[in-house]
Amino acid sequence: MKYLTKQQIFSKVAKHLLKQNKQSINKTGACLYKSGSLKCAIGCLILDKKYDPKIDINFYNIKKLFEGDYLSGIRNTSEIFNLLVDLQYLHDGFPPTTWKTRLKRTAAKFKLKLPRLES
């Protein structure tokens, strides 16, 4: 199996979040991997055919997503795990207006490049 690199994961999530520009949340404001057509930072890495509503209903964390093979194509290394945690925290904890700045910080922290974004 070919795995996504750290840069590929970061680029995919950054492009997704900045294009979507909305949090994936339920009616009470709790973050979800997938909410209708919206997906969170980690939700955009879960293939639609692998998504199961139980991961949101039961509040699966990233570790449980790896255990359940929801993140296929992503190697579970400590560095990638930490990147995913950082990206999830960015989506869940901050408004979309701050995401670009926070993604730049995440890029610097993990020695990555912010992807070129279509205008």
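Student: Which residue forms a salt bridge with Lys50?

Tutor: Quick caveat: this is a predicted model, so local features need pLDDT of at least 70, side-chain atom pairs count only at pLDDT 80 or more, and totals for chains, interfaces and linings use all residues. Residues are numbered from 1 along each chain as its sequence is written, and side-chain values use heavy atoms, with hydrogens and water left out. A salt bridge here is a side-chain nitrogen of Lys or Arg within 4 Å of a carboxyl oxygen of Asp or Glu. With its closest N and O atoms 2.9 Å apart, the partner of Lys50 is Asp69.

Student: How many residues apart in sequence are the parts that Lys50 and Asp69 tie together?

Tutor: Helices (H or I, at least four residues) and strands (E, at least two) are DSSP runs, numbered from the N terminus. Lys50 lies in the loop between S2 and H2, while Asp69 sits in the loop between helix H3 (62-67) and helix H4 (78-93). So the pair ties together parts whose separation in sequence is 19 residues.

Student: Is Lys39 buried or exposed?

Tutor: Buried means under 20% relative accessible area, exposed over 50%, and partly exposed in between (1.4 Å probe, protein chains only). Lys39 has a relative accessible area of 17%, so Lys39 is buried.

Student: What is the N to O distance in the salt bridge of Asp48 and Lys39?

Tutor: Side chains of opposite charge can pair when their charged atoms come close. For the side chains of Asp48 and Lys39, the N to O value is 2.7 Å.

Student: Where is Asp48, the partner of Lys34?

Tutor: Lys34 and Asp48 form a salt bridge, with 3.8 Å between the closest N and O atoms. The pair links distant parts of the chain, 14 residues apart, and Lys34 is in strand S1 (residues 34-35). Asp48 is in the loop between strand S2 (38-39) and helix H2 (54-57).

Student: Which residues do salt bridges with shared partners join into one network?

Tutor: Asp48 pairs with Lys34, and Asp48 also meets Lys39. Those shared partners give one network of Lys34, Lys39 and Asp48.

Student: What is phi of Asp69 near?

Tutor: Asp69 is partly exposed, at 42% relative accessible area. Its phi is positive in a residue other than glycine, near 60 degrees.

Student: And what is the relative accessible area of Phe59?

Tutor: Phe59 is in the loop between H2 and H3, and its phi is also positive, near 50 degrees. Phe59 counts as exposed, with a relative accessible area of 59%.
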